Amino acid sequence: MNPPILLRKPVNLILALFFLCLQIHAAEYFVGPGGNDQAAGTRIDPWGTLQRAADAAMAGDIITVLPGDYAIQVPEITKSGTKDQPIVFQSEKSGEAQIGGFILLGDYITIRGFKISGDNKQNRGRGIYAGMASDSKHPAQTGCVISDNLLTNLSGTAITSGRDAVVRNNIMRRVHRGLFVNGGTLVENNEIDTLTAPIVEKPPEGNLPARQGPKKTCYAFFAGDNIVFRGNHWHGTYDGRDGAPPLNLFYTWGTDFFSTWDAGGMGSSNNILIENNRCFYATHAVEPLARVSQKSHGIIVRNNLFVNTCYVGVFPQKWTGVVVENNTLINCGAYPVWSRSEIQSRGMVVRNNLISVWKPEELWANGFKPPESGIRFDQDEWQKEAVADFNLIHGFRNRNYGKNDVNAEPIFVDPDAGDFRLKPESPGVDAGADIPEITTDGLGRPRPVGKAFDIGAFEVQVSEP
């Protein structure tokens with residue numbers, strides 16, 4: 001039974017006053033070079049350290065950091081904001097406040113616009129660390145937003161996001177690993193330019209020379225449920241040396257664009273969406289592994305461009321609910337789409353993908369696996385439990401899984417410049433299956449245009465020549 005109206009009004013008034021007090025409290029503080037932690041924390045009388053600001057901050061507060069070098073500072077932020085009133089740390093001018101890193105020990109914290117560069121004792125090679133589910137000492141924090149930062153020259157993971165996070169518009173350059181994200185996280189419009197690691201003493205192929213490069217790392221590692229990677233650009237990992245030829249990466253132990261496993265305390269992962277990403281140079285494109293529980297389920301890989309993965313392409317192992325649609329895979333090793341287990345093949349969908357090679361003689365001379373099958377199920381009978389059709393395959397063996405497959409040269413706009421859009425005369429135009437849940441292509445443009453879907457990540461538009 002609802003209380004009488006006369007009794008409800010005081011309750012509503014009390015709530016209104018409570019939220020008004022929160023808004024009144026929210027304040028902006030300043031940190032500046034030459035500031036003093038005993039100061040007022042105003043623009044004209046700023047604090048000297050970010051830790052002073054972190055200790056004072058409450059939900060709704062904004063900490064503005066003035067341009068300057070704070071490289072030895074790695075503040076630990078123990079306070080929490082709320083979903084509606086986060087604690088915000090921001091650089092007054094994007095990229096002009098250089099920080100040693102951030103350790104986030106509270107929830108709903110926003111980190112925006114900083115430059116984080118180089119290792120120090122406090123950051124241990126990490127840039128922004130908000131915890132992860134498998135870290136018993138520092139579990140994943142909730143609801144952090146990490147945006148518009150530049151992170152460079154780090155020997156660890158540039159951004160560890162926590163859970164239910166947003167990671168957007170960051171640049172990570174010359175770091176060992178780009179991202180580690182937990183469940184509920186959106187990773188959008190970020191750039192990772194070049195992964196680095198120590199010398200590989202023993203190459204994986206016995207007669208190849210050792211090269212400098214990443215030893216089993218990845219651009220993005222994920223663990224948890226309901227994770228989205230959208231519109232990101234991963235590239236630049238050759239062999240870790242400035243000016244190195246672009247095909248010398250591949251004497252390394254393994255570098256993935258997207259990877260996870262459900263072992264070692266990570267748990268299973270479910271409902272993962274990888275779409276509209278542009279990724280160049282790795283050893284594997286998508287390699288999620290159900291190593292122990294074999295319960296990871298639901299990964300959709302669509303509208304992505306994957307170029308130059310020397311071993312394999314999309315390679316989920318023992319997952320269920322795998323969907324691979326409308327991707328363009330160029331020079332993706334021996335098997336650009338590969339299913340190695342019966343459990344994974346059940347219900348697997350592989351359609352509208354463009355699978356091709358470009359200048360293969362250069363690839364084979366630099367450690368690539370020669371192309372074998374564009375799509376491979378290790379046992380042909382497993383394919384009967386999957387949908388594999390409407391794929392364009394060029395330069396690979398077509399095992400004839402789909403009656404509507406296209407075997408022809410794709411006819412790209414400018415592949416030497418990395419432009420793998422189709423020309424209007426391509427045999428992949430209007431040759432795909434209709435997929436109602438896909439309404440845009442890998443560049444966010446309308447799809448379909450014409451009488452049917454185009455095969456691959458990019459839809460030919462009416463205005464294109």
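The legends below describe close-up views of a predicted model.

**View 1. The aromatic pair Trp234 and Phe258****.** The structure holds 15 aromatic pairs. In the pair shown here, the ring centres of Trp234 and Phe258 are 6.0 Å apart and the planes meet at 45 degrees, so the pair is tilted.

**View 2. The aromatic pair Phe412 and Phe420****.** The ring centres lie 5.1 Å apart, and the planes of Phe412 and Phe420 are at 85 degrees; this angle is over 60 degrees, so the pair is edge-to-face. Both Phe412 and Phe420 are buried.

**View 3. An aromatic cluster that includes Trp234 and Phe258****.** One cluster is formed by Tyr219, Phe222, Phe229, Trp234, Phe257, Phe258 and Phe306. Trp234 and Phe258 are the tilted pair of View 1.

**View 4. Arg126 over the ring of Tyr129****.** Arg126 is placed over the face of Tyr129, at 4.0 Å from the ring centre.

View 5. With a relative accessible area of 0%, Thr283 is buried. The side chain of Thr283 reaches the backbone nitrogen of Thr255 at 2.6 Å.

Methods
Residues numbered from 1 in each chain as written. Predicted model: local features only at pLDDT ≥ 70, side-chain atom pairs only at ≥ 80, totals over all residues. Heavy atoms only, no water. Phe/Tyr/Trp six-rings, centres within 6.5 Å; stacked < 30°, edge-to-face > 60°. Buried < 20%, exposed > 50% of the residue type's maximum accessible area, 1.4 Å probe, protein only. Lys NZ or Arg CZ within 6 Å of the ring centre and 35° of its normal. Polar contact = N/O pair within 3.5 Å; in protein donor to acceptor, adjacent residues only side chain to side chain.
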